[in-house]
Amino acid sequence: MDPEPRSAKGRRTRARLVEAGKTVFERDGFLQARITDIATEANVSHGSFYHYFDSKESLFRLIAEEVEVRLVSMDDIAQDRSGNAGPIERIRAANKAYLTAYRKEARIMRVIEEVSRYNEDVRRVRSKRDDYLAARLESAIKRLQAEGLADKRIDERYAATALGGMVAKFAEMMFIGGARFDMNEAVEQLTLLWANALGLSPDADSKAQPRSGKAAKAVQA
């Protein structure tokens, strides 16, 4: 990946190229997108593009990585920082945040999904996202089992992969595939599926012990 420019002007120009690239890729798709159009959209010369990126492929990889980072950070914005939210409420908040983030990025995600089918570099970016999410979900499931809230027979690795994949695929179908679902109902149904799959009882939130101090920080890590 091309290094970050040292000067403030260079960083601003590079940022304009990234934003312009996202606009052109969303509009034209990856294969039809042209560097000339990206440079024009960014209001820079064609030659200036190559000062920051060696190809449209390298620009697209950066855009894909930035979008995937925003998606894997989706539940950070939904965390109850007091640590008092119960497990079902945390699952609901994470599902809502993920679907909201995916909806916002749906146009570029459509292109990323397509390119990942034949481009190994973009596929690696997606795999990195999936691995990171799975690790976080595994950790969350382990905590629920340790607290006696989730079914201890469940293998956290299998569950994290299956449930995380379910939400990701649902988002793709809902916002790219044209499936018509109500947003609020989608959040509730995904949360219900998660809770049932983990063996969480409907009153799991009331059974969960409020956390404070170090315990709350550990949950948020």
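Start with the charged pairs: a search of the whole structure turns up 18 salt bridges, each one a side-chain nitrogen of Lys or Arg within 4 Å of a carboxyl oxygen of Asp or Glu. You are looking at a predicted model, where local features need pLDDT of at least 70, side-chain atom pairs count only at pLDDT 80 or more, and totals for chains, interfaces and linings use all residues. Residues are numbered from 1 along each chain as its sequence is written, and side-chain values use heavy atoms, with hydrogens and water left out.

Now select Arg92. Its salt bridge with Glu89 brings the closest N and O atoms to 2.8 Å; the two sit three residues apart in helix α5 (residues 87–104), about one helical turn. Helices here are DSSP runs (H or I, at least four residues), numbered from the N terminus. Arg92 also forms a salt bridge with Glu188, at 2.9 Å between the closest N and O atoms. Glu188 lies in helix α9 (residues 183–198), so this pair ties together parts 96 residues apart in sequence. Arg92 counts as partly exposed at 23% relative accessibility (buried is under 20% relative accessible area, exposed over 50%, partly exposed in between; 1.4 Å probe, protein chains only).

Next, pick Arg61, Glu120, Asp121, Arg123 and Arg124: salt bridges with shared partners join them into one network.

Finish inside, with Phe60. Beyond its neighbours within four places in sequence, Phe60 is in contact (heavy atoms within 4.5 Å) with Phe25, Phe30, Ile108, Val111, Ile112, Val115 and Val122.
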